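These are my notebook entries on a single chain, written down in the order in which I looked things up. Each entry takes up one part of the structure.

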Amino acid sequence: MITRRLLGASALAVPAIASAQARALTLVVPYAAGGGTDIAAREFAGLFSQELGGQSVIVENRAGGAGHVGALAVHRARPDGQTLLFAVSTNVVINPHLQRGDRVDLANSLEAVAQTSAYQYVLVVHPSNPARTLQEYVDWVKRQPRGSVTFSSSGVGGNNHLAGVLFAEAAGIEMEHVPYRGTAPALMDVVARNITLNVSSPPPAITLVREGRLRALAVTGNSRMAALPDVPTLREIIPNLVIEGWHGIFAPGGTPAPALDRLEQAARRAIASPSYVQRLANEGLEPPPERPRAAFAAAVKEESAYWARKVPELGISLD
C-alpha cells in the first residue's frame, strides 16, 4: 500500500485434486527476470515446493504493461490450482484502474491465496551524482535545466512509478518519468548513467548498492531498513511521506476451495519458516502480517477501492 498523509494500509489431503499435485505448478511473475518481484518469487518458490510435498513449482516470467500482461494471463488461466500469480501489490490494486482495454477488476476476479512479504522502496542514484544525501539531491535537481533529470520505473502505474511522482511532488522538484519493462533494466540504466534516479524494490538495488555501483539516498517506509541501516527514510526529510508495498500469490477466479486451502496452508508454512524470514531480511523485505486468506482478500479489495479514487487525483495515465 502507498500511504501519503500529505494527500489525505500440514497440507490437507484433498482427493479431488490429488492427481493435479503430480503436475508442475506454474508461478507467473509479471515482470522480467532479475527484478525485485522475480527475486522474491524465486526465493519463495523452492520452499513452497517443499511444503506442497515436493510438487515442482516453475517460475514463468511474463512481462508487459507494468505487470498487467502476466496478471491477465493468470486471470484467464484454468482455475485448477496449477497456475498462480506472484504479484506485487500494484498489479492487483492499481494497474487495473489505469487500463483502457482489458479493464478487469483483478482484486475481485482473482482469488487471493496468501501475502508473502511486505516491503518498502530504495531511492538510488549513480555514485557520480554530486548529491550524497536526499536533501542535497533535491537541491541539485532544482539547479538543473528543466527536463534534464529523469527517474525510471518498472512501468507506468507501478508502485515505484507512483513513489517517484509522490516524492517529486512533496519535494517540489521536476523529474521526467521513463518506464521500463521491469526493475532490472530500469536500474541498469541508472548504473549506465542514462537515468538519474530509480525508486527500486529492495532486492536488486541492495546488491548494486553493496557493490558500490549505486548510491542509496533514502528508503520509503516508516522505519529504516535493516539491510541498509545507515540510509534515512523519506519521512526523516519529508514529513508524513510513507510508501510501502507487498507481494502475494493469487489464483484464477473460480479455483475450488479445497485447492485454495491446500495452497494457502503450504504458502503460510513456507512464509513462516526461519530460512524464508532470513532470506527476506537479506533482501530488505519483511514477513507479512499473519492473517487468513479471507482477511488478505478483504484488505486487497479495500486497497483497490482506495486507488480507484486516488489514481484520477494523481493524474496518472498510460498515455
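This is a predicted model: local features need pLDDT of at least 70, side-chain atom pairs count only at pLDDT 80 or more; totals for chains, interfaces and linings use all residues.

Entry 1: Residues are numbered from 1 along each chain as its sequence is written, and side-chain values use heavy atoms, with hydrogens and water left out.

A polar contact of 3.3 Å also joins the side chains of Ser-128 and Arg-193, and the C-alpha atoms of these two residues, which are 65 residues apart along the chain, are separated by 8.7 Å. I located Ser-128 in the loop between strand S6 (122-125) and helix H5 (134-142); helices (H or I, at least four residues) and strands (E, at least two) are DSSP runs numbered from the N terminus. With a relative accessible area of 40%, Ser-128 is partly exposed, where buried means under 20%, exposed over 50% and partly exposed in between (1.4 Å probe, protein chains only).

Entry 2: S6 and S10 pair in the antiparallel sense over four bridges, pairing being called if DSSP finds at least two bridges between two strands. Val-122 has Val-219 as its bridge partner in S10.

Val-122 came up again when I looked at Asn-198: leaving aside neighbours within four places in sequence, Asn-198 is in contact (heavy atoms within 4.5 Å) with Val-122, Leu-123, Val-124, Ser-152, Ser-153, Ala-186, Leu-187 and Val-190. Asn-198 is found in strand S9 (residues 197-200) and counts as buried because its relative accessibility is 0%. I also recorded that the Asn-198 side chain reaches the backbone nitrogen of Ser-200 at 3.3 Å.

**Entry 3: strand S4.** Which way do the residues of S4 point? I found Thr-83, Leu-85 and Ala-87 on one side and Leu-84, Phe-86 and Val-88 on the other, all of them buried. In a regular strand the side chains alternate between the two faces of the sheet. S4 (residues 83-88) is mostly covered, six of its six residues being buried.

I checked two pairings of S4. Strand S2 (residues 25-29) runs parallel to S4 and is joined to it by three bridges, with Leu-85 as the S4 partner of Val-28. Strand S11 (residues 241-251) pairs with S4 in the antiparallel sense over four bridges, and there Phe-86 has Ile-249 as its bridge partner.

**Entry 4: salt bridges.** How many salt bridges does a search of the whole structure find? I noted twelve, a salt bridge being a side-chain nitrogen of Lys or Arg within 4 Å of a carboxyl oxygen of Asp or Glu. I looked up Arg-23 and Asp-80, whose side chains meet in a salt bridge at 3.0 Å, N to O. Arg-23 lies in the loop between strand S1 (2-4) and S2 and Asp-80 in the loop between helix H2 (68-75) and S4, so the pair ties together parts that are 57 residues apart in sequence. Arg-23 counts as partly exposed at 40% relative accessibility.

I turned next to Asp-261 and Arg-293, which form a salt bridge with their closest N and O atoms 2.8 Å apart. This pair links helix H9 (residues 257-272), which holds Asp-261, to helix H11 (residues 293-314), which holds Arg-293, across 32 residues. Arg-293 also meets Glu-264 in a salt bridge at 2.9 Å, N to O, and both of these residues are buried. Asp-261, Glu-264, Arg-268 and Arg-293 are linked in a network of salt bridges.

**Entry 5: helix H1.** I finally compared the span of H1 (residues 36-51) with expectation: at 1.5 Å a residue its 16 residues should span 22 Å, and its end C-alpha atoms are 23 Å apart, which agrees; the expected span is 1.5 Å times one less than the number of residues. H1 bends by about 25° at Ala-45, the bend being the angle between axes fitted to the seven residues ending there and the seven starting there. Among the buried residues of H1 are Ala-41, Phe-44, Ala-45 and Phe-48.

Methods. A polar contact is a pair of N or O atoms within 3.5 Å; within protein, one must be able to donate a hydrogen and the other to accept it, and residues adjacent in sequence count only if both atoms are side-chain atoms.
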